[in-house]
Amino acid sequence: MRKIHFLFPILFVFLVHCSNEKEKGIIPGVRITGDPLTDALLLSVLSVPPCQFLSSQNANTNVSLGEGYTSICSTELLNGSLHVPSTGTYQVTSTQGKQTLSSSRCNSTYFDFHIALKDGNTELYSSVSLATSQVTLEVGKTYTLQPSGIVDPSLYECQGRPVSSSVTPYRINFRKL
């Protein structure tokens, strides 16, 4: 009888400690900040690599593709050129940019802002399709990034008033396979 009294507290502690309580969160069993929403935001920021922005200040420089993951973005109609450090196959993905023309008295007008990867006049990839593609890039060749789709807002008006333009960037991603 005394053995049962002795074993009962041990069994109770064991059962409470090993309960089937499931942890909730983004990754069960992993706590980053303790708040699931903050964890999701933090993981989304960490999972998207930084972007090399093309602007009028750096448009004439080559963007070097790394051995891992490289992203290039822009909100301007600027051609860019790529430097390929080693010949290989790259997985290419992209997201289109958007241009919005708006005025206080009219409905907004939207335009897609695309990016194409070209070898001379040959288009190797375009964000029009939004598909993932595998492209072989070689050392010594000149590859260009050619954007299209932004319109001149001065050509548009709404009830005789000028419109304002806002542009979200395109993004083209390269991952060496």
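User: Is Cys-51 buried or exposed, or does it lie in between, and what is its relative accessible area?
Analyst: In this predicted model, a residue counts as buried under 20% relative accessible area and as exposed over 50%. Cys-51 falls between these limits and is partly exposed, with a relative accessible area of 22%.

User: To which residue does a disulfide join Cys-51?
Analyst: The search of the whole structure finds two disulfides. In one of them the sulfur atoms are 1.7 Å apart, within the 2.5 Å that the assignment requires. The partner of Cys-51 in this link is Cys-73.

User: How many residues apart in sequence are the parts that Cys-51 and Cys-73 tie together?
Analyst: Cys-51 lies in the loop between α2 (36–47) and β1 (52–53). Cys-73 belongs to strand β3 (residues 69–74), and it is buried at a relative accessible area of 4%. The pair therefore ties together parts whose separation in sequence is 22 residues.

User: What is the handedness of the disulfide of Cys-106 and Cys-158?
Analyst: A disulfide joins Cys-106 to Cys-158, with an S to S distance of 1.2 Å. The torsion about their S-S bond is about 65°, so the disulfide is right-handed.

User: Which strands hold Cys-106 and Cys-158?
Analyst: The two cysteines are 52 residues apart, and their pair links distant parts of the chain. Cys-106 is partly exposed at 26% relative accessible area, whereas Cys-158 is buried at 4%. Cys-106 is in strand β7 (residues 106–119) and Cys-158 in strand β11 (residues 157–158).

User: What kind of aromatic pair do Phe-113 and Tyr-170 form?
Analyst: Two aromatic pairs are found in the whole structure. For Phe-113 and Tyr-170, the ring centres are 5.3 Å apart and the planes lie at 75°. Planes over 60 degrees apart count as edge-to-face, so the pair of Phe-113 and Tyr-170 is edge-to-face.

User: Are Phe-113 and Tyr-170 buried or exposed?
Analyst: Phe-113 in strand β7 and Tyr-170 in strand β14 (residues 170–176) are 57 residues apart. Phe-113 has 0% relative accessibility, and Tyr-170 likewise has 0%. With the limit for burial set at under 20%, Phe-113 and Tyr-170 count as buried.

User: What is the N to O distance in the salt bridge of Asp-112 and Lys-98?
Analyst: Asp-112 is in strand β7 and Lys-98 in strand β6 (residues 97–103), 14 residues apart. Asp-112 counts as partly exposed at 32%, and Lys-98 is partly exposed at 37%. Their side chains meet at an N to O distance of 2.4 Å.

User: Where does Lys-141, the partner of Asp-119 in a salt bridge, lie?
Analyst: The closest N and O atoms of Lys-141 and Asp-119 are 3.2 Å apart. Asp-119 is in strand β7, 22 residues apart from Lys-141. Lys-141 lies in the loop between β9 (133–137) and β10 (143–148).

Terms used:
Residues are numbered from 1 along each chain as its sequence is written. This is a predicted model: local features need pLDDT of at least 70, side-chain atom pairs count only at pLDDT 80 or more; totals for chains, interfaces and linings use all residues. Side-chain values use heavy atoms; hydrogens and water are left out. Helices (H or I, at least four residues) and strands (E, at least two) are DSSP runs, numbered from the N terminus. Buried means under 20% relative accessible area, exposed over 50%, partly exposed in between (1.4 Å probe, protein chains only). Rings of Phe, Tyr and Trp (its six-membered ring) pair if their centres lie within 6.5 Å; planes under 30 degrees apart count as stacked, over 60 as edge-to-face and the rest as tilted. A salt bridge is a side-chain nitrogen of Lys or Arg within 4 Å of a carboxyl oxygen of Asp or Glu.
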